[in-house]
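Visitor: Hi, could you walk me through this one? I'd like to go topic by topic.
Guide: Happy to, here it is.

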Amino acid sequence: MKGKIALVTGGMGGIGTSICQYLAKENALVIATYHHRENRDAALAWQTAQKNLGYDIQTCHVDVCDFSSCTDMVVSLEKIYGRIDILVNNAGITRDIPFHKMEVSQWNDVLRTNLDSVFNVTRNVINGMIKNNYGRIINISSINAQKGQYGQTNYTAAKAGMHGFTKSIAQEVAKNGITVNTISPGYIETNMVMSLSTSILNKIIEQIPVKRLGQPEEIARAVTFLAAEKSSFITGSNLVINGGQYLL
Ligand code: CAA
Ligand code: NAP
């Protein structure tokens, strides 16, 4: 991937960090986004920590819920790096609660961060990719989009929406050398999952045939595979990585 420019939203989170490292190992020039402007120092500390591990990763700010923030980011990245070749729509949140108790804000926050974000970032990146006749877009969905999950009507609606988006845009931009795919991770050992109570977590692990949580690296290496130039015949697909917990 030498010479390729890769943008990873939520690139400093659990799965995002691993995706950045794997793309960097493949010699892509990687840009990880951070969410809150006031966290610039934390972002720089993350960047230094990555550098100490041998990964040279660039950083930039974006709020993926805000279309104009995404426009500002893409305009500035295209000015600095010339183009974006690889986009990983990875930023996401949960606000789990049974539907009958769900507040409008819990619905809106999750839909905006997990689904509107995919429009906001991709819409700003796509014309550059079309112009360059090249692109790799990877959307991070979830096992729960497919199986449903008690307490996650908001999250599963958003993550399922990604599949329709992926299949439609994949058809539109196939002629432009751009592939668009979705990865559906199962339960992966990051803060998002580790903040569940121990009893809930133990019940979940019992339901996973491999009897353990997934590791961020197990998602990152699949991202790298789909992001490769040679993966040009894979588009509109969904890659399931869930330890056998839910099989279609
Ligand atoms: N199926 C059926 N009933 C369930 C259930 C389930 N899976 N989970 C909970 N319930 C029932 C309970 O048995 C209980 O019933 P009673 O009132 O009759 O006793 C009722 O729901 C309330 O359960 P809780 O005490 O747990 O209620 P709560 O309000 O404290 O929490 C919850 C509800 C937030 C949904 C909590 O159960 C929870 O966090 N569940 C896990 C949700 C989950 O898996 N989230 C994934 C997060 S990680 C992620 O999203 C990444 C990814 O993509 C995989
Ligand atoms: P994480 O560690 O919480 O990372 C999520 C990242 O998204 C954080 O860096 C977060 O930044 C960023 N983010 C949130 N809101 C944002 C916004 N409005 N603008 C820009 N960035 C924002 O969680 P993770 O487990 O690595 O999850 C990464 C992706 O994988 C998510 O889309 C998640 O839904 C998906 N996924 C996770 C699992 C799992 O089991 N862990 C399973 C399936 C799918 P801040 O922390 O600064 O807000």
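Visitor: Which residues is Tyr55 in contact with, leaving aside its neighbours within four places in sequence?
Guide: Tyr55 is in contact with Gln21, Ala24, Lys25 and Gln50, where contact means heavy atoms within 4.5 Å. Before we go on, this is a predicted model, so local features need pLDDT of at least 70 and side-chain atom pairs count only at pLDDT 80 or more, while totals for chains, interfaces and linings use all residues. Residues are numbered from 1 along each chain as its sequence is written, chains are lettered from A and ligands numbered from 1 in the order in which they are written, and side-chain values use heavy atoms, with hydrogens and water left out.

Visitor: And where does Tyr55 lie?
Guide: Tyr55 is in the loop between H2 and strand E3 (57-61). Helices (H or I, at least four residues) and strands (E, at least two) are DSSP runs, numbered from the N terminus.

Visitor: Is Tyr55 buried or exposed?
Guide: Tyr55 is buried, because its relative accessible area is 17%. Buried means under 20% relative accessible area, exposed over 50%, and partly exposed in between (1.4 Å probe, protein chains only).

Visitor: How many residues apart in sequence are Tyr55 and Lys25?
Guide: They are 30 residues apart in sequence, and 7.5 Å apart in space, C-alpha to C-alpha.

Visitor: Let's switch to the ligands. Which residues come nearest to ligand 2?
Guide: Ile15, Asn90, Tyr155, Ile188 and Thr190, out of 26 residues around ligand 2. A residue is near if one of its heavy atoms lies within 4 Å.

Visitor: What polar contacts does ligand 2 have?
Guide: A polar contact is a pair of N or O atoms within 3.5 Å; within protein, one must be able to donate a hydrogen and the other to accept it, and residues adjacent in sequence count only if both atoms are side-chain atoms. Among them, a backbone N or O atom of Ile15 is 2.8 Å from an oxygen atom of ligand 2, and one of Gly13 is 3.3 Å from an oxygen atom of the ligand. From His35, a polar side-chain atom lies 2.8 Å from an oxygen atom of ligand 2. The protein buries 86% of the 880 Å² that ligand 2 exposes when taken alone, with accessible areas from the Shrake-Rupley method and a 1.4 Å probe; for residues, only the protein chains shown count as cover.

Visitor: Which helices supply at least two residues of that shell around ligand 2?
Guide: Helix H1 (14-25), helix H6 (153-173) and helix H7 (191-194) each do.

Visitor: What about ligand 1, which residues are the closest there?
Guide: Ligand 1 is surrounded by 17 residues, the closest being Asp96, Ser142, Tyr150, Gln152 and Tyr155. A side-chain N or O atom of Asp96 is 2.7 Å from a nitrogen atom of ligand 1. Polar side-chain atoms also reach oxygen atoms of ligand 1 from Tyr150, at 2.6 Å, and from Tyr155, at 2.7 Å. Taken alone, ligand 1 exposes 1,100 Å², and the protein buries 54% of that. H7 and helix H8 (198-206) give two or more residues to the shell around ligand 1.

Visitor: Where does Thr179 lie, and is Thr179 buried or exposed?
Guide: Thr179 is part of strand E6 (residues 178-185), and counts as buried because its relative accessibility is 3%. Not counting residues up to four places away in sequence, Thr179 touches residues including Gly135, Ile137 and Leu226.

Visitor: Last topic, backbone angles. What is phi of Asn27 near?
Guide: Phi of Asn27 is near 75°, a positive value in a residue other than glycine. Most residues other than glycine have a negative phi. Asn27 sits in the loop between H1 and E2, and counts as partly exposed because its relative accessibility is 48%.

Visitor: And what is phi of Lys211 near?
Guide: Near 60°, again a positive value in a residue other than glycine. Lys211 is in the loop between H8 and H9, and is exposed, with a relative accessible area of 52%.
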